[in-house]
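Here is a short note to read beside the model. Keep the structure open and check each point as you go.

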Amino acid sequence: MTTIYDVASRAGVSPATVSRVFNGTKVSPEKVDAVRAAAAELNFTPNRAARTLRRQSAEVIALVIPDIENPYFTEMARGVEDVASEAGYSVVLCNSDSQLEKEATYLQIAVAEHMAGVIIATASPATSLDSILSTGRPVVAVDRATRYDLDGVVMANREAAIAATESLIAAGYRRIAYIGGPEDIDTAADRAAGWRQALTDVGREADIAALQRFATFRVDGARAAMEELLALPEPPDAVVAGNNLIGVGAIQVLTERGLTPPAFGVSVVGSLPFTTLSPTAVSLVRLPARHMGVTAARMLLERIAGDAQPARTVVLRGETQHAPPPRTAPLRRAAPPQTPVPERAKRDEGPPRDASTGSATQGRVTRSDYATTIPACDLKSISDTLNPA
């Protein structure tokens, strides 16, 4: 069996250098390339179990998320995995289903298996990280804040909801509702606060009590809330969806009712994962989920490497895509232009004649008289006339 001594001999370096390369310790790029080339030639694979015993941690990261079916978290997980894999770490994906018991079990497994660190989107404000933090393992919170002094990566949730609401206000909608996730989750609470602020800024605070709904972050919760809003004596004409799956549920109900956007305004905090609508029918505030995962993984790897600076929080901002207004102004059509008739032609042809009687029409111009005066080849002139700037 090939050993690090064989690799060291082939690469022309010391065994200690080989060990440092595979343990992620800083080594010159030239030596790293030489060691990895020698290892590839000799089919050498580092003994992970032995390294775990020496380092008291495995080269494995736990990623704990509340809903593996939500494409937002799937995109975030891809960012985590890309960075971790490049650094030689594997990622174990743990789905808590927003249940504290499942979440606690996964955290216990992370401790028992000596995982190097944890990235977590907590199931609830009541999440306990005491067990994992007591081991000295680094933890990075994503998407949601925690009650611990930890590194974190979050979205600018309040600002995203303000942008989503203002997009509907600018499009001319009057009664704009909000559907969010559980009120005790800070992302839902912050986005609701942004919606309320945007309405208050334009003097519509009277609508807030009647048009605010908290549900789950899933399609079924959004459907129930949308049905309830449409049953109001004065239903809304638009809705801000607090996340991507809420947007899907709301659009399903609206489409079933014949209120397909943009006839009924919809603005989503997040990206729609699946819809049959035109991509421009709905306003979106796109959230950089993959970038969140990339940032969190880099922060965690820095902590694993020994970074001891105070806890940091990175806030990422969304990008707004505006939908068109619900109605467009009626198209104004100018009177068709008439080409002047040469004086000689007037003398030769005389006044226009009625086809049925043969009598003069006293200068009355019929559609057939002026339709032929527009040059058939000048399509741009026609377009400019019918669609004035």
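Predicted model: local features only at pLDDT ≥ 70, side-chain atom pairs only at ≥ 80, totals over all residues.

1. Begin with helix α5, residues 71-86.

2. Now look at what α5 hides. Its buried residues are Tyr 72, Phe 73, Met 76, Ala 77, Gly 79, Val 80, Val 83 and Ala 84. Buried here means under 20% relative accessible area. Look down the axis of α5: the buried residues fall within an arc of 155°, so they line one face of the helix.

3. The face directed away from its buried side carries Arg 78 and Glu 86, and both are exposed. For exposed residues the relative accessible area is over 50%.

4. Check the two ends of α5. At its start, Asn 70 places a side-chain oxygen within 2.9 Å of the backbone nitrogen of Tyr 72. Just after the helix comes Gly 88, with a positive phi of about 90°.

5. Move on to helix α6, residues 100-112. It has 13 residues, and at 1.5 Å a residue they should span 18 Å. The end C-alpha atoms are 18 Å apart, so expectation and model agree.

6. Which residues of α6 are buried? They are Glu 103, Leu 107 and Ala 110. Viewed down the axis of α6, these buried residues lie within an arc of 55°, so they line one face of the helix. The other side of α6 has the exposed residues Glu 101, Gln 108 and Ala 112. After α6 comes His 114, whose phi is positive, near 55°.

7. How many cavities of 30 Å³ or more does the structure hold? There is one. The largest cavity has a volume of about 40 Å³.

8. By class, the lining has eight nonpolar and three polar residues, and no charged ones.

Technical notes
Residues numbered from 1 in each chain as written. Heavy atoms only, no water. Helix = DSSP H or I, 4+ residues; strand = E, 2+ residues; numbered from the N terminus. Expected span 1.5 Å × (residues − 1). Buried < 20%, exposed > 50% of the residue type's maximum accessible area, 1.4 Å probe, protein only. Arc of directions from axis to C-beta. Polar contact = N/O pair within 3.5 Å; in protein donor to acceptor, adjacent residues only side chain to side chain. 1 Å grid on protein atoms, 1.4 Å probe; cavity = no way out; pocket = protein on both sides within 12 Å on 5 of 7 lines; lining within 4 Å. Points joined across faces, edges and corners; volume = space filled by probe spheres on them. Nonpolar A, V, L, I, M, F, W, Y, C, P; charged D, E, K, R; others polar.
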